[in-house]
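Reader: I'd like a close look at one part of this protein and what surrounds it. Could you walk me through it in plain words?

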Amino acid sequence: MAFAAEARGLPDAAMSLWWALPFAGLLLSIATGPLLFHYVWEHHYGKIAAGWAALAVIPLMVAFGVPVAGEAVLHTLLTEYMSFIILLFALYTISGGILVAGNIHGTPLVNAGLLLVGAMLASVIGTTGASMILIRPMLRANDNRQFNAHVVIFFIFLVSNIGGSLTPLGDPPLFVGFLRGVDFFWTSANLWRETLFTGGLVLLVFLAIDIMLHRREGGAPKIKDPTPDTKVRLRGLANLPLLAGVIAAILLSAAWKPGVSFSVLGVSLELQNLARDAIILGLAGLSLVVSLKSHREANGFTWGPIAEVAKLFAGIFICIVPVIAILRAGHDGALAPLVALVTSPTGQPNDLAYFWLTGGLSSFLDNAPTYLVLFELAGGDARHLMTEAASTLAAISAGAVFMGANTYIGNAPNFMVYAIARHRGVKMPGFFGYMAWSGLVLIPIFLIAGFLFFG
């Protein structure tokens with residue numbers, strides 16, 4: 001795949017860091033808006049994102065002309081953003097029609113089993129889909145326990161983040177990589193050791209903590225179970241083949257190369273990608289037809305979360321256009337210090353630095369655009385990154401997916417799970433309280449994994 005910035009004709013080496021300000025401003029707004037000005041953000045986040053996008057596009061038009069700027073933005077929106085949001089929309093819609101009804105008792109072994117199942121599902125139906133399907137059964141299973149906030153915290157660690165590292169379906173940054181030319185099964189073949197090691201250690205830590213807290217609860221007054229144990233049933237089974245259809249459509253687009261393309265306002269769109277997106281949209285629409293309304297209501301399904309993701313990521317994909325152009329210049333561009341940070345004195349990529357830089361940024365910025373920036377920083381050539389630089393791509397992928405768990409804002413499902421848990425009465429820790437948990441549990445594990453696999 002040709003480098004995006006090169007195809008769009010932006011003068012990479014001549015662009016200064018000022019061009020990155022809209023991107024930085026939008027990500028800062030996403031990070032701080034829900035915390036510092038919640039009411040304004042909740043009602044106007046779309047306008048804020050559009051404002052930052054305008055601050056990126058208008059100067060591009062003035063500096064380089066309407067044709068160059070327009071083609072750059074349209075190329076991003078039509079070839080990357082549309083496929084990205086269509087997949088998220090479909091996974092969110094189809095998984096919303098699947099209901100896990102009934103209740104079981106949240107013992108340490110049961111909880112660990114649910115977390116393991118959720119982590120495995122995350123790479124198949126996405127971290128968002130797995131989180132939305134399983135968070136309510138997890139809350140019901142533990143709603144009679146005195147200590148249950150830690151269960152939700154580890155749910156975010158494993159189901160909303162680490163578990164989604166094995167396929168492009170699992171987490172948005174990996175799908176961004178797929179759109180950039182990374183093979184569908186590349187992450188499965190190259191990240192399974194890191195995922196098994198990291199996820200396994202986190203699960204063992206959870207089991208030890210949950211056993212200890214469960215024993216402490218043994219001597220405390222019993223809490224009446226608001227949702228008594230009943231037989232667990234999986235409802236909305238008609239949605240399962242639709243999820244399989246989404247996977248088949250993505251595999252089809254990767255294997256079928258008819259060599260046919262269409263030009264839309266100067267942007268070339270390949271037939272296999274158009275067919276994939278049309279099939280995925282059709283499957284999402286079919287889910288709305290075959291799913292019972294009661295199942296979606298029981299899941300608390302609304303369009304609000306996916307609408308927020310669609311608006312914010314439209315702004316992100318637009319604002320990142322000049323940033324990627326600057327990164328294309330490498331050592332000759334305005335981001336040369338960043339290039340030097342992840343490059344050894346011999347000129348080779350420093351995989352450990354890539355892992356921590358990607359992970360550190362993914363902790364506070366959204367991990368999909370962070371992955372894209374580091375992907376371009378590593379050269380942006382998917383074929384090279386999958387072969388000669390496979391360890392570098394693995395470090396970027398693992399950092400983006402794993403460390404999205406470090407804060408509530410690192411990955412889209414994190415805050416959704418947090419909000420649902422609070423609504424159900426769980427006394428969740430605040431922003432910095434959650435970071436204390438991730439700092440004590442995740443950071444030591446990431447240190448070990450980093451030196452073991454990328455050092």
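Author: Let's take helix α19, whose buried residues are covered by, among others, α2 (21–36), α6 (149–158), α8 (186–218), α14 (351–364) and α17 (390–402). This is a predicted model, where local features need pLDDT of at least 70 and side-chain atom pairs count only at pLDDT 80 or more, while totals for chains, interfaces and linings use all residues. Residues are numbered from 1 along each chain as its sequence is written, and side-chain values use heavy atoms, leaving out hydrogens and water.

The helices are DSSP runs (H or I, at least four residues), numbered from the N terminus. α19 spans residues 431–453 and bends by about 40° at G439; that bend is the angle between axes fitted to the seven residues ending there and the seven starting there. The buried set in α19 is F431, Y434, S438, V441, L442, I445, F446, A449 and G450. Here buried means under 20% relative accessible area, exposed over 50%, and partly exposed in between, using a 1.4 Å probe and protein chains only. As background, an α-helix has 3.6 residues a turn, so residues three or four places apart point the same way.

Now for a neighbour. N406 sits in the loop between α17 and α18 (412–423), and counts as buried because its relative accessible area is 6%. Setting aside neighbours within four places in sequence, N406 touches S363, Y434, M435, S438, L442, I443 and F446. Contact means heavy atoms within 4.5 Å.

How far can you trust all this? Predictor confidence in each residue is given as pLDDT, from 0 to 100; the chain averages 86, with 95% of its residues reaching 70 or more. Where pLDDT is low, the predicted coordinates should not be read in detail.

E80, R180 and E376 are linked in a network of salt bridges, each being a side-chain nitrogen of Lys or Arg within 4 Å of a carboxyl oxygen of Asp or Glu. The closest N and O atoms of E80 and R180 are 2.9 Å apart, and the R180–E376 pair comes in at 2.2 Å, N to O. R180 is in the loop between α7 and α8 and E376 in helix α15 (residues 367–377), 196 residues apart. E376 is buried, since its relative accessible area is 3%.

Technical notes:
Helices (H or I, at least four residues) and strands (E, at least two) are DSSP runs, numbered from the N terminus.
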